[in-house]
Amino acid sequence: MKDAFGAPQSLLVLGGTSAIGLATARRLIARRARTVWLAGRPSPALAEAADSLRALGADVRVVPFDALDPESHAERLGKVFTEGDIDLVLLAFGVPGDQARDESDPLAAVRVAQTNYTGAVSAGLVCAQALQAQGHGSLVVLSSVAGERARRADFVYGSSKAGLDAFTQGLGDALYGTGVHVMVVRPGSVRARASARASARAKASGAEGPVSEGPVSEGSASEGPVEAALATTPEAVATAIELGLRRRSETVWVPGALRVVMTAVRHMPRPLFRRLPM
Amino acid sequence: MLRPRTPEEAVAAVLSYGHGARGAIARGLGRAHGDAAQNAGGTVLDLTGLTRIRAVDAVAGLVVCDAGVGLHRLTQALLPLGWCVPVAPATRHVTVGGAVATDVHGANHPAAGSFSRHVVSLDLLTADGQVHTAVPGMPLFDATTGGLGLTGAILSVTLRLLPVETALMRVDTERATGFDDLLARFTAPCHRHRHTVARVDLLARGAATGRAVLVRADHAPYDALPPRVRRTPLALRPGGLPGGLPGSAGVAALLDGLRSRAGRPGTGRPLPLAAFLHPRDGLLRGHGRRGGFVRYEVAVGDGQEEALRRVVGRIAARGRAAGPGVLKRFGEAGPGLLSFPPAGPGWGFAVDLPASSGGLGRFLDELDEEIAAAGGRVRLAEDARLRPGLVAAMYPGLGEFRELRAALDPGAVFVSDLARRLGL
């Protein structure tokens, strides 16, 4: 049960190795969170993430979860909710994809879409139902600034986030008044550590296509001046999420200035937008 | 949300709805600041439909009434007969059931104890649909008084009343220049007043921290009345300004000072009963969680005055309090397992803080640590933010309460957001 300031006691992170997911979990554990469920594909990285949170004093449990296997979501995630109330579900999985490869390999592009959008639709709905049944809690979905307007440089990833963003907004409206709070978080390009980004990319290009690395931006190849100025870090996103929970916000931009920038970008004529160095 | 109108409907509601996945909790007038009467996703039994005052024994001073009767209505009914509710919390918008379930206390705690000390018996609807009669001395009684509705829904209460000659209070006011002076005046042996409460000026800092107005009062005897009110000594007079006023901190503080008419020192001034007993009525209608205020109410035992001084000092230094703090004295506690008044004599302090002031959660967590280290406690009935790990330390009766609750209600039919949050 959340307290008067919106600090959750228990959270479920979908995408248990996501840098943003873990940064948020660390932050909330420092406040009130005691029970953390990490959902992700079983891997040494997931076990390591669980141990790192346990070291902070939380009761951490791991649940196997694969975004690409929607049939299993109801059973796997449903089990989490039978163990006790979940105050916060953080939907943090997603793959950045590789634009050049995805354009030449439609199946690779489809996998990005299936992970980021289809998988999130199924997992999001399962969690929304469970939250509605318990009558309280927050569902926080990590969208991306890339979903706000498709760019030449990453429109496969961007379109999947655009779909997720629209889905989340609709879900938020559907759950309005039920006691469940839905929040869209739109970070700018997230500067993860260089090594983390490299490994995320290596994995993303692997044959198995691992899931749940969080929306690590692959922007370096095309990072323009505007984007670089509005880049952010997992810790900054975590801070924004905590503040959003306190305020019960519906949309959170990280950094906040993106709200203004993207309003301009959204209305920019396409011939001009095409020529922007971003 | 269900609003049963008879005890039979309440039984049916518990049997049919309470056994759902999310349980049920009873609610009175819903004025508490915390989440003790909220039940997300589950059923709330609004018991304000049970409004019968069943019997009044005007000779012995006993009343049998439904749990949904408000203290205001009870006072209206009883005062003309020369009887008064023995313990009055700071607001009269409390049902009798709510007063028992939170074991409310008043400014007369050293003399009168808390509400449950005056309860002769109560009827409790438990999870199995049975109605049990609990009397003082029974474990069920101890768990239910102050039990925050987690043992069941209280359906009716037999209450012992306090005889009064008039509907006025005789009020003495004095000023304390600082914290030490305040405590010394509070415990000064020369005073024999029934009610004592202090309004602490939280705008004062430094050496003046703890500057306060001390209000002592007794029920005025008939002889002490001014001649013009001697014809109607027991008429219930309204007290103070109308409610619902805008709530900026400064305005609230100013009005609170005006309302209590406690600004000037004086002795023997008559004040209507309600104006003295229920200073928070009207003024604080907007307060509470939805009004954007967090109530912080703590108690420490005697000997822990230093911890209390630090807490008051830190709240004053932070400078965000909405209105004055209220300091009370506690006498011996009742038997309630989760009752707020601490085991022995001690002090109670309460203040409203605007929830929007940044970092308040963390600040109050630090104060909690301070209070817990001093063996004190936070009042659960008004709480919406306590860290679960501290509850067991603050309430030694919690273990016994949990055992009793597990035996009485194995399916956890009676459950509230507070119980979920703190793992009661």
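This is a predicted model: local features need pLDDT of at least 70, side-chain atom pairs count only at pLDDT 80 or more; totals for chains, interfaces and linings use all residues.
Good morning. I begin with a cysteine: A:Cys127 is buried, with a relative accessible area of 0%. Buried here means under 20% relative accessible area, exposed means over 50%, and partly exposed lies in between, using a 1.4 Å probe and protein chains only. B:Cys84 is in no disulfide, and the nearest cysteine sulfur, that of B:Cys65, is 14 Å away. B:Cys84 is also buried, at 3% relative accessible area. A disulfide is a covalent bond between the sulfur atoms of two cysteines.

Residues are numbered from 1 along each chain as its sequence is written, chains are lettered from A and ligands numbered from 1 in the order in which they are written, and side-chain values use heavy atoms, leaving out hydrogens and water.

Let us turn to a helix of chain A. Helices (H or I, at least four residues) and strands (E, at least two) are DSSP runs, numbered from the N terminus. Helix H5 of chain A covers residues 106-134, which is 29 residues. From its first C-alpha to its last it reaches 41 Å, close to the 42 Å expected; the expected span is 1.5 Å times one less than the number of residues. After H5(A) comes A:Gly135, with a positive phi near 80°.

Next, the aromatic rings. Rings of Phe, Tyr and Trp (its six-membered ring) pair if their centres lie within 6.5 Å; planes under 30 degrees apart count as stacked, over 60 as edge-to-face and the rest as tilted. How many aromatic pairs are there over all chains? The count comes to 3. One of them is the tilted pair of A:Phe65 and A:Phe93, 5.4 Å centre to centre with 50° between the planes. This pair links distant parts of the chain, 28 residues apart: A:Phe65 is in the loop between strand E3 (59-64) and helix H3 (73-82) of chain A, and A:Phe93 in the loop between strand E4 (88-91) and helix H4 (99-104) of chain A. A:Phe65 is buried at 4%, and A:Phe93 is buried at 1%. In chain B, B:Phe186 and B:Trp347 form an edge-to-face pair, 5.3 Å centre to centre and 90° between the planes. Both B:Phe186 and B:Trp347 are buried.

Finally, the backbone. Most residues other than glycine have a negative phi, and most peptide bonds are trans. A cis peptide bond, however, joins A:Val254 and A:Pro255, with omega about -10°. A:Arg248 is not a glycine, yet has a positive phi of about 55°. Likewise, B:Leu148 has a positive phi, near 60°. Thank you.

Terms used. A disulfide is a pair of cysteine sulfur atoms within 2.5 Å.
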